[in-house]
Amino acid sequence: MSSSLLALHSQTLHPIDTHNHGGAVAVEQTASTVFEAGVAYGIAKPTPSHIATHSRLSSEAFLPRIHHSLIVVNGKAYIVGGETEKGGFAGDEIHIITLPVKGRDVGEPDYKYIPSLSEGKDGTTPGARAGHSVVSIGSKIYLFGGRDAGEKPIDEVGRVWVFDTDTLAWNIVELTDSLGAPKARYGHGAIGTELPTPGSQ
């Protein structure tokens, strides 16, 4: 495919002399090259093996939003935070969409939302925020950062919020050394990975 496309560019970039019979040849060569490139693309283009489907879910509580987070854990999508279509902050409730996953019994497509609950004694939850990042490890979702309604980064001295998809409640991870805490931020990215326990290999 690459050679045909290169040939297409080399042919079409040359000026065509239409004042003699060679012009007709040049036009014919260009048309031939276009056809060859198209055939090569058709052969090289992979044939999709899956057909996408969708199911429409409706709920008055499911508000359109931006700057939120969405992450899938065990066939369910969890949506947290963000801003609503009216420019205000969404609450810190958890929106859960059950996705139809082939070969996995997670139930029919469904939607629900639950209030934000805490496993801690102080009952603390992340609160409304936008521009935060989330990752998942196992059955837990880890949330960091974000900004408040005043467009300022939420400074929590490196705190990481942990949502357990089994208990449907929040917990927190605090840093023992605040001097090494990452700076408050929003609109960032995050990557999660599970490190092996020393001696487990």
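Predicted model: local features only at pLDDT ≥ 70, side-chain atom pairs only at ≥ 80, totals over all residues.
Local features were required to have pLDDT of at least 70 and side-chain atom pairs pLDDT 80 or more, while totals for chains, interfaces and linings use all residues. Residues are numbered from 1 along each chain as its sequence is written, and side-chain values use heavy atoms, without hydrogens or water.

Strands are DSSP runs of E with at least two residues, numbered from the N terminus. Two strands pair if DSSP finds at least two bridges between them. An open sheet of four strands runs in the order 7-8-9-10, with antiparallel pairing. Its edge strands are strand 7 (133-137) and strand 10 (169-173), each pairing on one side only. The twist averages 25° from one strand to the next. Here axes are lines fitted to C-alpha atoms, and angles run from 0 to 180 degrees between N-to-C directions. Strands 7 and 8 are joined by five bridges in the antiparallel sense. S133 stands opposite F144 in strand 8.

The largest nonpolar core holds 13 residues. Such a core is a set of buried Ala, Val, Leu, Ile, Met, Phe, Trp, Tyr and Cys residues joined through side-chain atoms within 4.5 Å. Y78, I94, I141, L143, F163 and W170 have the most contacts inside it. Strand 2 (69-73), strand 3 (76-80), strand 5 (94-98), strand 8 and strand 9 each give two or more residues to this core. Beyond its neighbours within four places in sequence, I94 is in contact (heavy atoms within 4.5 Å) with residues including Y78, I114, F163 and W170.

Aromatic pairs number three. Rings of Phe, Tyr and Trp (its six-membered ring) pair if their centres lie within 6.5 Å; planes under 30 degrees apart count as stacked, over 60 as edge-to-face and the rest as tilted. W161 and W170 pair edge-to-face, at 6.5 Å centre to centre and 90° between the planes. Buried means under 20% relative accessible area, exposed over 50% and partly exposed in between (1.4 Å probe, protein chains only). W161 is buried at 1%, and W170 is buried at 1%. Y78, W161, F163 and W170 form one aromatic cluster.

Most residues other than glycine have a negative phi. E151 has a positive phi, near 65°. V157 also has a positive phi, near 55°. E151 lies in the loop between strand 8 (140-144) and strand 9 (160-164), and V157 lies in the loop between strand 8 and strand 9. E151 is partly exposed at 46% relative accessibility; V157 is partly exposed at 43%.
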